[in-house]
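The following report describes how the secondary-structure elements of one chain pack against each other.

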Amino acid sequence: MRNDLLLALHRVAAPFAGYVPSYQARRAGVDEAALRRARRAGLLVPVRRGVGRLAAAPQHAHEPVHAAVLALTGSCATRASALQLHGPLPALPLARPHIAIVGTAYPRLTGVEIHATRRLEPADVTIVQGTRTETFGRAVLSTIGDPAVHWVWIARVLDAACRLWDDRALDQVQEAVDRAGARGHSGAAILRELIAERRGEGTRDRYALQRRWMGILNTAGLVGHDEHHVVVEGIDRWLDRAFVDVQVGVEVKGHSVHGDRTAFDADADREEALAASGWLVFPITSRSEPSSVVRRLRAAIAHRSVGRSGALSDSYSRQFAG
């Protein structure tokens with residue numbers, strides 16, 4: 001009986017990255033009593049009301065969002081929660097997952113921010129990491145309509161996406177805006193301006209150096225948080241790549257974002273503020289020598305990791321092994 005139950009749970013969980021929504025289990029013939037037995041036997045780990053995870057399945061990287069989507073039929077991740085799934089992109093701290101449903105009713109789901117929309121085109125929904133979510137373009141359009149989100153943050157998201165996907169990122173956003181059409185969305189006009197601005201500057205050339213250096217660091221195993229957001233003395237500061245545990249950051253200089261006097265002064269102000277709050281920032285230019293940068297960056301991370309914990313943290317010791 002235990003093996004039959006486990007097999008049935010695996011069948012239910014297969015499309016959902018190892019998670020079992022109760023309503024899907026019931027459709028497959030696994031009733032509530034069987035689900036309780038599975039939980040008592042340690043086969044199923046409760047995640048939230050109506051959703052469990054197979055004990056043998058790895059935890060989803062964005063489990064609160066994934067579980068919230070599974071708990072509400074027909075929903076999908078939206079706004080900053082959707083952008084987290086599409087990352088690595090600038091991330092806003094979220095008190096709770098954001099999910100969208102089609103309709104006018106607002107069902108209640110504990111610990112979840114629910115947004116009702118009258119219409120969601122099939123082309124605006126996709127599956128990322130096993131989670132039903134808005135596409136990148138639609139998520140940007142939804143987010144810019146949030147009065148709590150400043151348009152400058154959206155600009156940073158677009159810049160990061162251009163680095164990752166070139167003009168395809170702007171194409172996705174433009175397509176989502178076009179599909180919204182006459183229905184309109186708050187902030188759509190600002191989005192059009194941001195898209196036009198980035199097309200005029202030539203996104204491929206604008207971020208070529210930065211993409212190259214992120215690739216070099218990735219190859220060296222120096223994988224951190226890209227476009228990391230730090231608030232220092234009430235002002236937003238950003239780093240091209242950050243190793244958050246040890247407060248070490250990387251800034252790539254030389255592309256157009258850093259190319260004029262105003263931007264240069266803003267960079268200097270930011271780095272002074274970050275240094276005052278304990279961050280060590282490594283500037284990188286087109287003349288920087290990769291092996292030297294990697295060596296110095298490794299040494300700084302290792303030194304700070306040992307200094308804070310007395311020994312290398314697990315995540316960094318794995319990177320520097322050998």
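An open sheet is built from three strands in the order β1-β3-β2, with antiparallel pairing, where two strands pair if DSSP finds at least two bridges between them. Helices (H or I, at least four residues) and strands (E, at least two) are DSSP runs, numbered from the N terminus. The edge strands, each pairing on one side only, are β1 (19-21) and β2 (44-48), and neighbouring strands are turned by 35° against each other on average, direction ignored. This is a predicted model, in which local features need pLDDT of at least 70 and side-chain atom pairs count only at pLDDT 80 or more, while totals for chains, interfaces and linings use all residues. Residues are numbered from 1 along each chain as its sequence is written, and side-chain values use heavy atoms, with hydrogens and water left out.

Strand β2 is joined by four bridges to the antiparallel strand β3 (residues 51-54), and valine 45 stands opposite arginine 53 in β3.

| Helix | Strands touched | Angle |
|---|---|---|
| α4 (residues 63-71) | β1, β2 and β3 | about 85° with β2 |

Elsewhere, the axes of α6 (residues 136-144) and α7 (residues 151-165) come within 10 Å and cross at roughly 170°; the two helices are therefore roughly antiparallel, a term for angles over 145 degrees. In α6, Phe136, Val140, Thr143 and Ile144 meet residues of α7 including Trp153, Val157 and Trp165.

How values were computed. Axes fitted to C-alpha atoms, helices over the stretch in contact; angles between N-to-C directions. Parallel < 35°, antiparallel > 145°, perpendicular 65-115°, else oblique. Contact = heavy atoms within 4.5 Å.
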